[in-house]
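Hi everyone, thanks for making time. I'd like to walk you through a few side-chain and helix contacts, so please bring up the structure on your screens.

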Amino acid sequence: MLLTRRFTFLDYVSSSLVISGYRWITRFLALGCYAMLLMPGFIQVAFYYFFSRQVRRSIIYGEKPRNRLDLYLPKTSQGRKPVVAFITGGAWIIGYKAWGSLLGQQLSERDIIVACIDYRNFPQGTISDMVEDASQGISFICNNISEYGGDPNRIYLMGQSAGAHIAACTLVNQAIKETGEGDSVSWSVSQIKAYLGLSGGYNLFNLIEHFHTRGLYRSIFLSQNFADTLRRVGGKAESILYDGKTHTDLFLQDPMRGGRDEMFEDVVAIIHGEDEAALAKDAVAPPRRRLVPEFMLKLAHDVSPF
C-alpha cells in the first residue's frame with residue numbers, strides 16, 4: 001500500500017515536471033517569435049539610443065552596482081522642461097534602463113525630459129534593494145535635474161510593470177520615512193507632481209494565477225489594491241483601463257504603431273496639464289512615426305507571452 005502511494009506520488013510529480021517544462025518551452029518559443037516580429041522597431045530604437053545626441057547614457061547617481069540612469073533631452077533648450085523619472089519593468093529580474101528608450105524618445109519629442117533609472121535585479125538585490133536604488137535615483141533627479149534644463153518643480157514619477165510596483169513602493173517608503181523622527185531624507189514625496197503606473201501589479205491577489213502560470217509562483221504574492229487604498233487614506237487616485245490590450249501593447253506595440261494612441265496622450269495631458277502653451281502644441285503635434293508594419297504588430301499581439 002505504501003509503495004503504491006509512493007509510485008503514484010512520483011508519477012504525479014513527474015507529470016507535473018513534464019507539464020511545467022512544456023509550458024516553459026512554449027513560453028520561450030512565443031517570446032522568440034514576439035521579439036522577431038518587433039525586431040524592426042527594436043533596431044531603430046537601439047540606433048537612437050546609442051547614437052542620438054539627445055541621449056545622455058549611464059549617468060552615475062549612487063555607489064551601488066547599476067546605480068546609473070539615462071537622460072532623454074528635448075531638442076529645444078528654451079525654458080525649464082517637465083521631467084519624468086521612469087522605472088522600467090522586467091519581472092524584477094531583467095529590468096534595465098534601456099528598456100525605456102522608446103518612451104524616452106517619444107516623450108522628449110513633446111518637450112519632456114525623461115530619466116530612466118536603472119536598479120539592481122534579483123538575485124543581485126531584493127525588492128528592498130530595488131526600492132533603495134529607485135529612491136537614490138529619484139533623489140539625484142530632484143537635486144540635479146536643473147543642470148540639464150529640467151524643472152525641479154515639475155517632476156513626475158512613472159513606472160511600467162514591475163517598475164510600477166517598485167516606484168509605488170518607493171513612494172510609500174519615502175512617505176513613511178518623512179513621518180518618522182530623525183530620519184534624514186534627500187528628497188520629498190511633495191516634490192513629485194504625480195505618479196503614473198503603467199501595467200503595474202497593484203491588485204496582486206487577482207493576478208496570482210496569471211503570474212503562477214508564467215513561473216512567478218502564487219506563494220510570493222500578497223493582496224494589494226493600490227488605487228483603492230490611496231483613496232481610502234485621502235489620496236487622489238484614478239485607475240484607467242484600456243480595453244483589449246495585452247501587458248505590453250501600451251508600452252511597445254502601440255508606440256511602434258505610430259500615429260496617436262490614447263495612453264500616450266493621457267500621459268502627456270497629465271504632464272502638460274497646467275501648461276496651456278504646451279497643450280496647444282500637443283494638439284497640433286505631428287503623429288508619431290510607424291516603426292513596425294501593422295500585420296507584424298497584430299501577430300506580436302497574438303503570440304505575446306506576457
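This is a predicted model: local features need pLDDT of at least 70, side-chain atom pairs count only at pLDDT 80 or more; totals for chains, interfaces and linings use all residues.

Let's begin with the rings. The structure contains five aromatic pairs, and I'll show you two of them. Take F47 and F51: their ring centres are 4.8 Å apart and the planes make an angle of 40°, so this pair is tilted. Where do F47 and F51 lie? Both are in helix α2, which covers residues 39–51, and they are four residues apart, about one turn of the helix. Are they buried or exposed? F47 has a relative accessible area of 54%, so it counts as exposed. F51 is exposed too, at 59% relative accessibility.

Now compare that with Y96 and W99. This aromatic pair is edge-to-face, with 75° between the planes and 5.5 Å from centre to centre. Y96 has a relative accessible area of 29%, which makes it partly exposed, and W99, at 45%, is partly exposed as well.

On the ring of Y49 sits the charged end of R57, 5.7 Å from the ring centre. There is another case at F264: here the charged end of R288 sits over the ring, at 4.3 Å from its centre.

The partner is helix α3, residues 101–108; the two axes are 9 Å apart and the packing angle is about 70°. Because angles of 65 to 115 degrees count as roughly perpendicular, α2 is roughly perpendicular to α3.

Last stop: H272. You'll find H272 in the loop between α9 (262–271) and α10 (276–283). How accessible is H272? Its relative accessibility is 2%, and under 20% means buried, so H272 is buried. Leaving aside residues up to four places away in sequence, H272 touches P82, R110, I112, A278, L279 and D282. If you have H272 on screen, have a look at those neighbours, with R110 and D282 among them.

Notes:
Residues are numbered from 1 along each chain as its sequence is written. Side-chain values use heavy atoms; hydrogens and water are left out. Rings of Phe, Tyr and Trp (its six-membered ring) pair if their centres lie within 6.5 Å; planes under 30 degrees apart count as stacked, over 60 as edge-to-face and the rest as tilted. Helices (H or I, at least four residues) and strands (E, at least two) are DSSP runs, numbered from the N terminus. Buried means under 20% relative accessible area, exposed over 50%, partly exposed in between (1.4 Å probe, protein chains only). A charge sits over a ring if NZ of Lys or CZ of Arg is within 6 Å of the ring centre and within 35 degrees of the ring normal. Axes are lines fitted to C-alpha atoms, for helices over the stretch in contact, and angles run from 0 to 180 degrees between N-to-C directions. Angles under 35 degrees count as roughly parallel, over 145 as roughly antiparallel, 65 to 115 as roughly perpendicular and the rest as oblique. Contact means heavy atoms within 4.5 Å.
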